[in-house]
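Subject: Handover of a structure and its findings

Dear colleague,

Please find the structure below, handed over for your reference. My notes on it follow directly after.

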Amino acid sequence: MDHLDDATDKDESVAGQTAASRLAKSRARYDKLAAEVADVGIIAAGSLALRSHRCGRTNCACTADPPRLHGPYWHLTTKVAGKTVNRRLSETEALAYREWIDNDRRLRALIEELRRVGQEVIELTLSEQTRPSGV
């Protein structure tokens with residue numbers, strides 16, 4: 001009978017190591033993601049688009065048939081105090097904003113992944129805490 005008890009203890013020990021191992025891996029993944037958040041850089045919300053437009057002067061080529069529109073110009077569209085704001089950008093500004101907007105998207109993806117992995121850590125931690133001692 002002792003031999004069966006030993007086998008059961010070993011199975012439970014392996015299961016305990018597996019849960020502890022999964023917790024350690026999830027925690028390490030969480031810490032790695034948190035470190036990546038610190039390295040994201042400058043962030044900006046919004047979108048970039050090339051736009052052409054008419055100036056409104058009656059004798060301008062942009063009002064001809066067919067029209068020759070002005071541009072294209074880079075425009076940033078974003079929200080400020082709940083209102084949509086458009087801003088014309090130079091090529092240099094547009095390149096900088098593209099990086100900052102990409103950083104913002106990366107940060108949002110990292111936060112979503114942090115939430116997912118954090119939930120794993122929480123569930124594994126709670127299951128370890130609620131496991132009866134000696135089992």
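Where is the place of P72? The place of P72 is in strand β2; strands here are DSSP runs of E of at least two residues, while helices are DSSP runs of H or I of at least four, both numbered from the N terminus.

Before going further, please note that this is a predicted model, in which local features need pLDDT of at least 70, side-chain atom pairs count only at pLDDT 80 or more, and totals for chains, interfaces and linings use all residues. Residues are numbered from 1 along each chain as its sequence is written, and side-chain values use heavy atoms, with hydrogens and water left out.

Overall arrangement

The protein chain holds two helices and three strands, which follow one another from the N terminus as α-β-β-β-α. Of its 135 residues, 19% count as buried; buried means under 20% relative accessible area, exposed over 50%, and partly exposed in between, with a 1.4 Å probe and protein chains only. The chain exposes about 10000 Å², of which carbon and sulfur atoms supply 54%; accessible areas come from the Shrake-Rupley method with a 1.4 Å probe, and for residues only the protein chains shown count as cover. Taking contacts (heavy atoms within 4.5 Å) between residues at least 6 apart in sequence, 59% join residues at least 24 apart.

The sheet

The three strands form an open sheet in the order β1-β2-β3, with antiparallel pairing; two strands pair if DSSP finds at least two bridges between them. β1 (47-53) and β3 (83-89) are at the edges with a single partner strand each, so one side of each has no neighbour in the sheet. On average, and ignoring direction, neighbouring strands are turned by 40° against each other. Axes are lines fitted to C-alpha atoms, for helices over the stretch in contact, and angles run from 0 to 180 degrees between N-to-C directions.

β1 and β2 pair over six bridges, and S47 stands opposite T77 in β2. Strand β2 (residues 70-80) pairs with β3 over seven bridges. In that pairing, T78 stands opposite V85, and the bridge partner of H75 in β3 is R88. H75 itself lies in β2 and is buried, with a relative accessible area of 14%. Leaving aside neighbours within four places in sequence, H75 is in contact with S47, L48, A49, R51, R87 and R88.

Helix α2 and the cores

Helix α2 (residues 91-130) lies across β1, β2 and β3 and runs at about 135° to β3. In soluble globular proteins, nonpolar side chains tend to be buried together. A nonpolar core is here a set of buried Ala, Val, Leu, Ile, Met, Phe, Trp, Tyr and Cys residues joined through side-chain atoms within 4.5 Å. The largest such core has seven residues: A44, W74, L76, L89, A94, Y97 and I101. Two or more of these residues come from each of β2 and α2, and α2 gives the most, with three. I101 touches A44, G46, S47, L48 and L76, not counting residues up to four places away in sequence. Another core, of six residues, lies apart from it and includes L33, V40, L107 and V117.

Cysteines

How many disulfides does a search of the whole structure find? It finds zero, a disulfide being a pair of cysteine sulfur atoms within 2.5 Å. C55 is in no disulfide, and the nearest cysteine sulfur, that of C62, is 3.6 Å away. The sulfur of C62 is 3.6 Å from the closest cysteine sulfur, in C60, which is too far for a bond. C55 is partly exposed, with a relative accessible area of 35%, whereas C62 is buried, at 0%.

Backbone details

Most residues other than glycine have a negative phi, and most peptide bonds are trans. The bond from D65 to P66 is cis, with omega near 0°, and P66 lies in the loop between β1 and β2. A cis peptide bond also joins G71 and P72, with omega about 10°.

A81 has a positive phi, near 55°, although A81 is not a glycine. This residue belongs to the hairpin of β2 and β3, which has two residues between the strands. At 80% relative accessibility, A81 counts as exposed.

With kind regards
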